[in-house]
Amino acid sequence: MPQMTVLEILNRTKVFFEKKGIPDARLDAEYIISHGLKMKSRMDIYLNFEKPLTDAELDVLRQMVARRASREPLQHIIGDTSFRGFIIKCDKRALIPRPETEMLVDMAKERLKGIDAPYIVEVGTGTGAISIACAKEIAGAKVLATDISEDALSLARENAEANALGEALTFAQGDLLDAVTGDTKIDCLIANLPYIPDGEKGKLQPEVDKFDPALALYGGPDGLSLVRKLLQQTEGKLNENAPILLEIGSEQAEVLKNEAANYPWLEFTGIHKDYCGNIRFVSYKSK
């Protein structure tokens with residue numbers, strides 16, 4: 001019996017994924033095959049279409065394909081993802097960082113121009129991706145990453161070590177700003193908190209519903225319980241004009257804008273779209 005080639009397994013996997021309802025079936029097939037065959041990138045597939053596969057290689061690929069067919073996230077199967085070019089390990093301990101979230105780092109960089117050694121706090125760090133990027137990209141920054149989940153913090157610490165972050169990035173466990181101790185005022189506060197309404201449980205994509213931690217997803221009846229609690233905690237904690245940058249659901253931006261008067265020590269400074277043109281962020285600054 002002739003051995004199966006890379007092209008044949010790619011085509012079969014694509015069709016199989018389509019039957020299973022996998023979004024981006026061909027792209028996911030390419031990532032899995034290139035990773036399973038230890039290629040440098042998925043582009044190498046196109047240079048090896050006629051390569052016959054050994055039984056051992058097929059066994060590795062079958063296991064990975066079965067995991068993806070069960071809707072386990074691609075990032076969990078491969079083990080990592082790229083966030084602003086930094087490799088971030090991913091598993092069930094924290095939410096997979098989304099490419100759209102990268103814009104929070106750009107927003108922070110823009111607003112911190114001219115500030116020497118800014119003190120940045122990220123609440124709800126998850127994998128640590130945002131904090132790692134800020135510590136790497138903002139000169140002299142001292143970053144504190146907090147999370148209520150010890151599991152998430154253990155993953156974030158692993159990612160910080162893998163990305164060679166020294167004293168620029170530290171961690172603290174606790175509920176929102178309760179994790180921040182000491183008298184140093186914050187120059188920039190960043191948070192991508194759980195903002196999905198509780199009523200959406202069981203209605204999300206299986207990759208999210210079955211594999212992301214519920215603690216990182218749901219934010220109360222309208223999704224904004226933790227966001228409101230965080231904003232309430234900011235009084236007296238930030239330097240003057242310090243920005244607060246939050247990722248939220250697109251329908252929640254106007255709600256937060258209308259509630260801005262509840263935090264008289266803050267000024268609501270805008271609703272912001274992501275790279276795809278979708279409303280995704282709101283910003284404030286301290287008075």
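L112 is buried, its relative accessible area being 4%, where buried denotes under 20% relative accessible area, with over 50% counted as exposed and values in between as partly exposed, for a 1.4 Å probe and protein chains only. The model is a predicted one, in which local features need pLDDT of at least 70 and side-chain atom pairs count only at pLDDT 80 or more, whereas totals for chains, interfaces and linings use all residues. Residues are numbered from 1 along each chain as its sequence is written, and side-chain values use heavy atoms, with hydrogens and water left out.

L112 lies in the loop between helix 5 and strand 3 (119–123); helices (H or I, at least four residues) and strands (E, at least two) are DSSP runs numbered from the N terminus. Apart from neighbours within four places in sequence, L112 is in contact with P118, I120, I138, D187 and C188, contact meaning heavy atoms within 4.5 Å.

Seven strands make up an open sheet of mixed pairing, in the order 5-4-3-6-7-9-8, two strands being paired if DSSP finds at least two bridges between them. Strand 5 (169–173) and strand 8 (266–273) stand at the edges with a single partner strand each, so one side of each is left without a neighbour in the sheet.

Strand 7 (residues 243–247) runs antiparallel to strand 9 (residues 279–286) and is joined to it by five bridges, with L246 standing opposite V282 in strand 9. Between L112 and L246, the separation is 134 residues in sequence and 16 Å in space, taken from C-alpha to C-alpha.
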